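Please read these notes with the model open beside you. The points are numbered so that each can be checked in turn.

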Protein chains: 4
Amino acid sequence: MPLPAHVFNPPFNIVRCSHAVLGVRDLAASRTFYEDIIGLHVEDADADHVFLRGLEELQHHSLVLKRQNIASCKRLGFKVASEDDLDKAAALFAQQGLAHEFVTAPYQGRTLHVTDPFGYKLEYYFKMERRERLLQKYALYKGVQPQRMDHFNVFVPELQKTIEYYAALGYRMTEYSEEEPEDGGRIAAAWMHRKGNVHDFAFTNGHGPRLHHFAYWAPTPLSVIHLCDVMASTGYLKNIERGPGRHGISNAFFLYVRDPDGHRLEIYSCDYQTMDPDHPPLRWSLRDPQRQTLWGAPAPRSWFEEGSLFEDTTVRDPAFVANVIIAH
Amino acid sequence: MPLPAHVFNPPFNIVRCSHAVLGVRDLAASRTFYEDIIGLHVEDADADHVFLRGLEELQHHSLVLKRQNIASCKRLGFKVASEDDLDKAAALFAQQGLAHEFVTAPYQGRTLHVTDPFGYKLEYYFKMERRERLLQKYALYKGVQPQRMDHFNVFVPELQKTIEYYAALGYRMTEYSEEEPEDGGRIAAAWMHRKGNVHDFAFTNGHGPRLHHFAYWAPTPLSVIHLCDVMASTGYLKNIERGPGRHGISNAFFLYVRDPDGHRLEIYSCDYQTMDPDHPPLRWSLRDPQRQTLWGAPAPRSWFEEGSLFEDTTVRDPAFVANVIIAH
Amino acid sequence: MPLPAHVFNPPFNIVRCSHAVLGVRDLAASRTFYEDIIGLHVEDADADHVFLRGLEELQHHSLVLKRQNIASCKRLGFKVASEDDLDKAAALFAQQGLAHEFVTAPYQGRTLHVTDPFGYKLEYYFKMERRERLLQKYALYKGVQPQRMDHFNVFVPELQKTIEYYAALGYRMTEYSEEEPEDGGRIAAAWMHRKGNVHDFAFTNGHGPRLHHFAYWAPTPLSVIHLCDVMASTGYLKNIERGPGRHGISNAFFLYVRDPDGHRLEIYSCDYQTMDPDHPPLRWSLRDPQRQTLWGAPAPRSWFEEGSLFEDTTVRDPAFVANVIIAH
Amino acid sequence: MPLPAHVFNPPFNIVRCSHAVLGVRDLAASRTFYEDIIGLHVEDADADHVFLRGLEELQHHSLVLKRQNIASCKRLGFKVASEDDLDKAAALFAQQGLAHEFVTAPYQGRTLHVTDPFGYKLEYYFKMERRERLLQKYALYKGVQPQRMDHFNVFVPELQKTIEYYAALGYRMTEYSEEEPEDGGRIAAAWMHRKGNVHDFAFTNGHGPRLHHFAYWAPTPLSVIHLCDVMASTGYLKNIERGPGRHGISNAFFLYVRDPDGHRLEIYSCDYQTMDPDHPPLRWSLRDPQRQTLWGAPAPRSWFEEGSLFEDTTVRDPAFVANVIIAH
């Protein structure tokens with residue numbers, strides 16, 4: 001693929017992925033899942049919301065659960081570098097003709113909602129209330145000891161354009177997969193970052209816009225194995241969808257689990273740093289099954305097909321269907 | 001099932017499983033696999049043999065590879081408690097009408113070969129040359145850091161009788177799986193021990209006599225994950241057959257790999273102690289898929305069907321085919 | 001030292017070390033320490049007692065805390081192989097002129113109390129109520145995830161005689177330390193076992209009889225490090241006495257902590273199997289500092305000097321003071 | 001302390017700490033230490049140099065060993081974001097009256113040498129030859145599996161001024177220690193970063209300029225423990241200076257080792273992300289011993305006193321001696 005040029009003076013400065021806002025149908029069941037099984041810390045809760053965060057996060061929440069009649073991905077949240085960056089973002093979105101508005105979001109400062117050109121519902125903010133870091137409150141450690149929100153991964157119908165759009169916002173590509181020339185040579189997925197590791201936002205060819213998963217970083221593979229043991233012995237066996245295993249891409253030691261509404265959470269470990277401006281993107285051939293699974297059982301069909309819907313959003317077919325089987 | 005009575009005064013005293021003798025077709029390829037990838041220590045080698053041991057083993061070898069034209073399991077070796085026990089064993093086998101003979105085996109003292117009533121080719125010995133323990137030679141650690149031979153697992157056509165025979169030799173059952181009464185109520189597998197952990201010798205209903213696997217104990221799941229990473233990046237991806245995962249049975253964190261001849265090796269971790277004479281056997285229903293896999297992908301068909309042949313031995317059909325699917 | 005002959009027909013059959021009974025002054029504080037910090041499971045409790053066990057233990061308790069005005073080691077408990085063995089033991093103790101009696105102990109069958117020739121208060125039993133194994137109740141895992149009682153270690157004033165006495169009861173020596181000949185050539189400590197790993201009962205030259213420590217086995221060094229983190233962040237920093245580190249002896253990855261009364265608990269990992277009757281004892285020179293600490297900071301003075309008293313028992317000076325410094 | 005204002009438009013853009021250049025007296029001995037024991041990958045070597053890198057590093061080297069008669073820290077290297085940044089840096093250094101020059105450095109593009117106002121010999125570059133990432137060459141893993149250079153830590157005689165200088169270059173403070181007001185209220189150490197984790201460059205009050213240590217990041221505490229075991233069993237016991245343990249500051253699981261010339265290397269694990277522009281600095285009181293050691297043995301005197309000299313550089317006394325003991 002023609003790689004997008006690196007953008008060093010982005011129109012506004014996105015620091016990193018920050019939080020996901022999910023619509024859930026049974027708030028108590030979802031809270032139990034994320035708090036008792038996964039081990040996130042409940043920072044606040046009311047009748048309709050639960051706000052959770054990981055062990056190293058100073059920010060009030062990196063996951064918001066909202067009770068509603070239908071499960072959905074409501075928003076993917078990103079932190080920007082200053083209040084000015086919010087205004088720059090709003091100006092850009094106006095220029096791009098994108099629906100956007102400043103809203104009030106609990107525990108956050110000025111928050112800019114936008115639906116991007118492809119239908120993803122995002123929110124940008126600079127300020128969020130801070131809470132004491134829990135990293136050295138070791139007595140609170142439980143579940144998989146989730147340390148921080150790491151990234152979002154979405155199904156994308158128009159992959160090439162989406163990558164170009166986010167490259168223009170300053171995202172840099174670290175890894176990507178593409179067809180061999182004789183198969184069509186089309187890019188099939190891209191991992192893009194702002195914060196200096198493998199990704200903040202990843203894009204996969206497919207029916208979209210839909211959320212494939214959000215990911216929390218965990219300290220070691222042993223905590224991931226412990227989560228499998230806990231889930232298997234507390235009635236959540238069927239919520240383990242895939243793994244543990246090793247992705248060739250990003251070198252992640254991964255586990256994919258589904259929450260009570262089917263939202264997919266990745267537990268993610270073992271990636272690497274990428275903050276060099278000249279960090280070269282790593283190409284994987286779609287014919288190389290080890291990009292998906294360096295070792296381990298193949299992914300189930302659900303992993304390739306299922307995802308969380310954004311609200312009031314029509315899902316479109318992907319621009320192409322890959323000419324090789326993309327599963328392992 | 002009617003549990004076999006514990007035998008506290010066995011006719012001769014078997015201490016533990018000790019070593020496997022395998023026929024391999026390409027001795028150099030097999031040595032590379034076990035030495036460089038698995039991480040066993042080559043203690044001695046000649047043109048036709050390689051002798052290997054684990055990091056904590058004082059005994060000269062726990063795995064013997066013999067070059068020959070056909071792959072096979074030649075012998076499963078067990079240590080007895082004294083020279084007298086060898087004579088008691090020989091007397092018993094004579095009484096039972098079993099083919100047996102004292103042979104000379106390299107690096108071993110008096111060695112008694114026997115073919116048991118079901119066709120398994122075994123050898124018993126008391127003395128083996130000792131070598132310095134490598135447990136604190138940390139610079140030698142590599143691969144999965146295999147520490148000791150833990151157990152053998154065989155396919156058995158006449159399961160009930162085989163269990164009774166080995167119970168009479170002093171083996172005690174720690175876990176077993178069986179059909180529900182409405183499915184037939186037949187025992188499907190048994191884990192039996194002499195040394196005080198879950199098993200030295202396990203028996204599974206199936207076409208036999210065949211060796212299902214031998215197992216080395218590894219210190220932590222992290223060393224197992226490292227082995228997966230090493231195998232996947234050195235051309236041995238297809239030799240990873242199943243796992244890593246957790247068995248319900250024995251609580252083992254397991255990985256099954258196949259050597260260049262297809263012999264199956266389990267890497268085994270996380271079991272428990274069983275030396276109490278009144279340790280009760282743990283029953284698993286054949287309808288409970290978590291006995292096989294507490295969590296993780298189902299076992300591939302090969303794992304249920306393939307095994308190593310003993311030489312000059314006819315494989316028999318099992319006494320029954322279970323009325324429930326035994327795979328996960 | 002002249003090694004004691006192995007005893008294969010012991011006068012009665014001791015299976016393994018089983019449980020410690022400790023006198024504690026503040027029962028609530030001790031319960032909090034062992035349940036919430038160490039992670040043992042409270043199986044039963046009343047106004048004056050707390051009964052705890054490890055994750056793999058089927059037996060009702062491996063630690064009993066009894067409220068009393070003075071801290072003490074009340075009893076060290078061992079399991080024997082049958083009821084007959086209790087009667088054989090009683091007969092032997094009568095012959096040896098040792099104070100002994102059958103007592104009623106909660107949750108245990110017939111229980112034989114004895115004060116051994118050197119003043120150690122022990123109890124032997126065969127039957128104890130069983131509870132379901134918690135090994136696969138992963139949601140209960142906490143603290144250091146203690147899996148089973150592993151061994152006792154005592155200060156001994158008459159070391160040579162004590163070793164000989166226990167060798168005559170069937171204990172086999174796995175490791176020992178002694179002075180170089182020019183320093184006196186005396187044995188300074190011995191590790192002796194019944195169950196097939198490095199020790200059930202260890203004896204160290206020193207002011208005694210006193211309990212140096214009891215030890216729970218933990219699955220990996222990572223759980224030990226987590227315990228350090230938990231203790232350091234919950235007000236128990238000063239209860240960490242020594243480690244984590246590696247003993248040369250037994251290859252243990254160790255941590256020594258003190259409970260609220262000062263009783264010393266070792267968290268123990270990484271030893272090896274020793275069930276072979278011809279397993280040779282490993283000698284360490286008292287001049288070799290790595291026997292104590294393969295690496296890591298030297299032990300504090302308290303570790304060499306402090307221990308728990310048995311009740312109503314006079315402490316005697318050791319038979320000798322070693323001619324070399326035994327600390328690292 | 002008056003915290004330095006964050007600088008969002010630094011005069012030139014430093015990406016991260018990159019590499020250390022050390023003078024060593026016995027090149028073969030140093031290579032053995034870093035390659036065979038620590039586990040760095042030797043990328044190139046000639047009669048006078050060895051170039052090494054970690055497992056995830058694309059850059060040709062993160063450690064350069066140069067044979068010379070005297071041990072020294074020759075240079076600390078930092079990567080900048082572009083060639084332009086080098087010219088901006090040179091202009092700034094000219095304006096500041098600092099000795100600086102563009103030099104040719106092997107495998108690097110244009111390289112700017114500078115001695116900073118306090119005497120630290122640094123080098124800046126943008127381009128370095130790239131080599132294939134070794135992260136998935138798992139068969140090459142050995143020693144502590146060092147993944148990347150993480151940071152430098154230096155002794156500083158004029159701490160307040162040094163912090164201000166580097167804050168003006170765009171470094172942001174993540175943690176710092178200071179005296180209580182009644183002890184003088186002076187800052188004693190600061191951890192400052194560019195790349196988004198706890199530090200690239202740390203400054204400690206003391207005789208300087210001297211290098212206290214450079215640090216490689218390792219994936220888990222288990223790899224650190226393995227390094228201790230390897231060093232203790234290969235003749236490098238005395239090269240283990242401190243740890244393993246946990247710093248309160250940065251939450252690092254640490255080990256400090258000394259190379260054959262006494263250069264100090266930290267193995268570093270378990271920190272957290274800090275890329276938010278509003279990430280608040282964390283204060284530690286100099287009276288809080290857990291800032292140094294959350295748990296574990298106190299640091300030896302050598303750790304507080306010894307460091308590597310920069311060449312041809314006079315060491316100055318610190319501006320003050322803290323009024324409290326800074327060791328644990």
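Which residues of α4(A) are buried?

1. They are A:P221, A:L222, A:S223, A:V224, A:I225, A:H226, A:L227, A:C228, A:D229, A:V230, A:M231 and A:A232. A residue is called buried if 20 or more other C-beta atoms, placed from the backbone, lie within 10 Å of its own. Helix α4 of chain A covers residues 221-232 and reaches 17 Å from its first C-alpha to its last, close to the 16 Å expected at 1.5 Å a residue. The expected span is 1.5 Å times one less than the number of residues. Helices (H or I, at least four residues) and strands (E, at least two) are DSSP runs, numbered from the N terminus.

2. On the source: this is a predicted model, in which local features need pLDDT of at least 70 and side-chain atom pairs count only at pLDDT 80 or more, while totals for chains, interfaces and linings use all residues. Residues are numbered from 1 along each chain as its sequence is written, and chains are lettered from A in the order in which they are written.

3. Chain A is assigned domain 1 (14-130) and domain 2 (146-309); the bounds come from an automatic or database domain assignment. Their centres, taken over C-alpha atoms, are 20 Å apart. In the contact, 31 residues of domain 1 meet 32 residues of domain 2. Contact requires C-beta atoms, placed from the backbone, within 7 Å.

4. On the domain 1 side of that contact in chain A, β1 (14-24), α1 (27-38) and β5 (72-80) each supply at least two residues. The largest share, 9 residues, comes from β1(A). By class, this side has 18 nonpolar, 8 polar and 5 charged residues. Nonpolar covers Ala, Val, Leu, Ile, Met, Phe, Trp, Tyr, Cys and Pro; charged covers Asp, Glu, Lys and Arg; the others, Gly among them, are polar.

5. Chain B has an open sheet of 8 strands with mixed pairing, in the order β2-β3-β4-β1-β5-β8-β7-β6. Its edge strands, β2 (41-45) and β6 (100-103), each pair on one side only. Strands pair if DSSP finds at least two bridges between them. Within chain B, β5 (residues 72-80) and β8 (residues 121-125) pair in the parallel sense over 4 bridges, and B:L76 stands opposite B:L122 in β8(B).

Technical notes: Contact = placed C-beta atoms within 7 Å. Buried ≥ 20, exposed ≤ 12 C-beta atoms within 10 Å, placed from the backbone.
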